[in-house]
Amino acid sequence: MTTYIIRRLIIGVIILLLVTMMVFLFVRLLPGDPLMVFMGNLRGSGQINTMGPEEHDRLMHEYGLDKPIYEQYIKWLGDVFQGHLGKSVGIGQDVGTLIAERLPRTAYIGLILFVITTFGGIFAGIYCALRRGSWIDNTITTIANIGMTVPTFWFGILLIYLFGYKLGWLPLFGWVNPFEDFWGNIRHIILPVASVALGGIAGMARLVRSCMLEVMRADYVRTAWAKGLRERVIVIRHQIKNAMIPVVTVLGGTVGAILGGSVFIETVFSIPGMGRLMTTAIFDYDYQIVQATALIFGGIVIFSNLIVDIAWGWLDPRIRYG
Amino acid sequence: MTSILDVENLKTYFKTEYGLVKAVDGVSFHINQGEIIGLVGESGCGKSVSILSVMQLIQKPGEIVDGKIIFDGQDLRKYRSNGPEMRAIRGSKMTMIFQEPMTSLNPVLTICRQVTESLELHLDMDRQAARERAIELLKMVGVPDAASRVDDYPHQFSGGMRQRVMIAMALSCNPMIIFADEPTTAVDVTTQAQLLELMKDLVTRLNTSLVIVTHNLGVVARYAQRIYVMYAGRIIESGLSEDIFGHPHHPYTIGLLHSVPRLGEKHGSRKLIPIDGMPPDLINMPPTCAFLPRCTYKVERCQKEPWPALRAVGDQHYISCYVDIREK
Amino acid sequence: MADKATVTPPSPDAIGVTAAPPRRSEWRRFARVYFGRRLYLIGFVIVVIIILTAIFAPLLAPYDPIQNDLRGKLQGPSGEHWLGTDQLGRDILSRIIYGTRISLEIGFAAVFSSAIIGALMGLAAAHFGGWVFTLIMRVTDALMALPGIILVLLIAGLGGRGIPVVIFALGFGGVAGMCRMMCGQALSVKQNDYVLAGRAIGMSNWRIMLTQIFPNAFPPLIVGLTMAIGGVVLGEAGLSFLGIGVPAPNPSWGGMVMDGQRYLLDNALLSLAPGVAIMLLVFGFNMVGDGVRDAIDPKLRGVL
């Protein structure tokens, strides 16, 4: 098991390096000038009215953008290892500080979403599988089928319209620190969480249901019936653990989907988190922020996948001793 | 000898989207204490469904629609299939060994857990006692190094070893009947013989009845005392093993015996004759004998009259056929 | 002592069914399974209607989708404008109808390009194995380590603006998934005896790959592609919603949702109606994909 974990860890680090290289290449090879918005900002603030080619070259040199890509990458990587994520080109702030301020918000909402999605989906899926064909199963399955097609941002807007404007029950948007005003925070995150949770629970419930149905037909479950065990014991001891094996493997994907969803809900509900930070940075070609946020997002997903792999080994002895 | 299981006119049908499949259509048989019975037939003839019906393990869309199942003086059809009475019988007085040792054990539970499960449930043993008993059982079925291997997982066992574990599980609560559904089909030939010998020894020692369900005549020839031959959901011939093999009466049984080589037979001394045609489609069954299209002995009466009931042709020897054939 | 046979190899007859050239009875069976379920039928009807809408958009749309009419801006639903007008006075219904074209165009183009590149990568990985396999798998790992929408957002955002960039970004985003799927399919096909037979009669690697492995791994790929269209359309809508997708004044559903967000109190349909169009399209293609999968081979359930 230890060698297994170490192997997964090494692979994880390699993948993270590949991700950062990829993003590095995107920033430098895709059409679009890393200095474009920077120049625009200065122009807007009246500091520089015209930027000649020399000025452009000077800035390129100042930010090290005229060096070969691999040199830039190695320098960046070295900085990252020393804890420096760089300085924003557009807003001039330290990227590390920006992330330290925004990551907790995204992580907070993301964790809540993860718990709701996984447990909600697993319970709904198991229930539907055990009572398949009942009206509750049919209702949940239909909602799940529709829920998977609903765009997060659209659902968020619908919720704002209904609960914010029409009913006036909940605030329309914004962020409140949970340590300063816990209930205010809860009121502010209900709608964002709900708009991502719908699709998440839907997908999870569908998967769990089909895995359970698959397992219910398995030979070893028939063996369990032949032993005279009661249904409850068969479901808990023989079915759920086996059905969870494929479910656990997608949890890394769930984390990714939640992070992807954060981009939308942070935009719709004006929450100053990582997703919003990245979107605006991309919009502004603020490449230092883009690189750093991609590193964080990739790191979170890869770390989750590592945890998933370990959980998988714990659930499935064929992996553990394989 | 006393009969411990009496099945009368059992009918199990499956409602599929293609139509009603009469998998078992009026099957009667009985099993005496300590007897080894062979239930023989091609795949799809309803032999597995028959014993699953007795165990009440038929899943939707299948349903037992008629018949009597008297086991140990109790009418099992009065019990709900997952009710407490049936659960008390299943796994304790009546157990089963399945065909696929690879998939019939739960991959995520240790062997110990899977063997002790029945012991704790039916014999009220505590964990420790059950564990010791499990090790004993594994030793009995010939799992080497049982005391340490008991904590292994199924994937660490070979197919033959897993089937031994299945046998240990089946024996664990001293059952009256063990149903073995194609127990050796999925293992290689040498292991096959070992497993069959093992089962035979154990049931003889414990005075347990054993029903071997198989399509392999060679398997039953050696071990079974009585044989039931099934075709298209019915029993078409039954009798003592020596009668079935020595003097088969039903054209199907005759055909079956002609189509398999016998051990010790001189090469070329007898031609193997396959049975022509295909097993019937169980959905659109004619009222007449289902073997009729493939039968080489058919007479005019067969075309006109319905599938005949079983009739005696000797001591404990019954066939369902209008024709009288004597095979040497 | 531990044997490796714990994972059941794919049943040869399961793949045999899909591999055999479809006979008439096969098609009949396909149709019976497919149209036997109401949801699949509904999905099929939706997809047909959407495709027809895209083709006949100029005939169906009552107004020009781009022409501004500032005097008639932000109207509610009426007999003239069934869904009302937006902040520039454009008819919402007409914009939704024309938006079908953009969604399908981008959907098909992106899925098609990711399928070709992904399939080639997957085939190569499965066929050559060894370091090629490892390399390709690590690259797809890296691509998949970023949440799908974020990868697409990066490429579209840094690549400039315009429909071709959107197609490129969404296509790029789908490559890893396609590659994995094709690789998995090809690996399971590869275990079949007919591939071995091909090798036995001395066929070259490429020949085996193109004549034996690809055709047999293809049917499941079709199912995957159908389902991917829904995902790509959602992605396009997301990009346009964030303002990094289809540039104005093109009528893109995601962009319309974004534009309408500010005018929720004037006319909520401005934002909500295009979302319904997105959902219908995604639902339709998902159901068609599900149905085709069930009809080709129910055993693929869970694999795809």
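In chain B, strands E10 and E12 (residues 317-319) run antiparallel to each other and are joined by two bridges. Strands here are DSSP runs of type E with at least two residues, helices are runs of H or I with at least four, and both are numbered from the N terminus. Two strands pair if DSSP finds at least two bridges between them.

The model is predicted: local features need pLDDT of at least 70, side-chain atom pairs count only at pLDDT 80 or more, and totals for chains, interfaces and linings use all residues. Residues are numbered from 1 along each chain as its sequence is written, while chains are lettered from A and ligands numbered from 1 in the order in which they are written.

**Strands around E10 of chain B**
- Ser238(B) stands opposite Tyr318(B) of E12(B).
- Strand E9 (residues 226-231) of chain B is antiparallel to E10(B), with six bridges joining them.
- In this pairing Arg226(B) faces Leu240(B), a residue of E10(B).
- E9(B) and E10(B) make a hairpin with two residues between them, and Ala232(B) in the turn has a positive phi of about 50°.
- E10(B) covers residues 234-240 and is mostly covered, six of its seven residues being buried.
- A residue counts as buried if 20 or more other C-beta atoms, placed from the backbone, lie within 10 Å of its own, as exposed if 12 or fewer do, and as partly exposed in between.

**Chain B as a whole**
- Chain B contains eleven helices and twelve strands.
- Of its 328 residues, 45% are buried.
- The C-alpha trace of chain B spans about 70 × 50 × 40 Å along its principal axes.
- Among contacts in chain B between residues at least 6 apart in sequence, 65% join residues at least 24 apart, a contact being two residues whose C-beta atoms, placed from the backbone, lie within 7 Å.

**Chain A against chain C**
- On chain A, 43 residues are in contact with 40 residues of chain C.
- H1(A) gives the most to this side of chain A, with eight residues.
- The residues on the side of chain A that touches chain C are 33 nonpolar, eight polar and two charged.
- Nonpolar means Ala, Val, Leu, Ile, Met, Phe, Trp, Tyr, Cys and Pro, charged means Asp, Glu, Lys and Arg, and the others, Gly among them, are polar.
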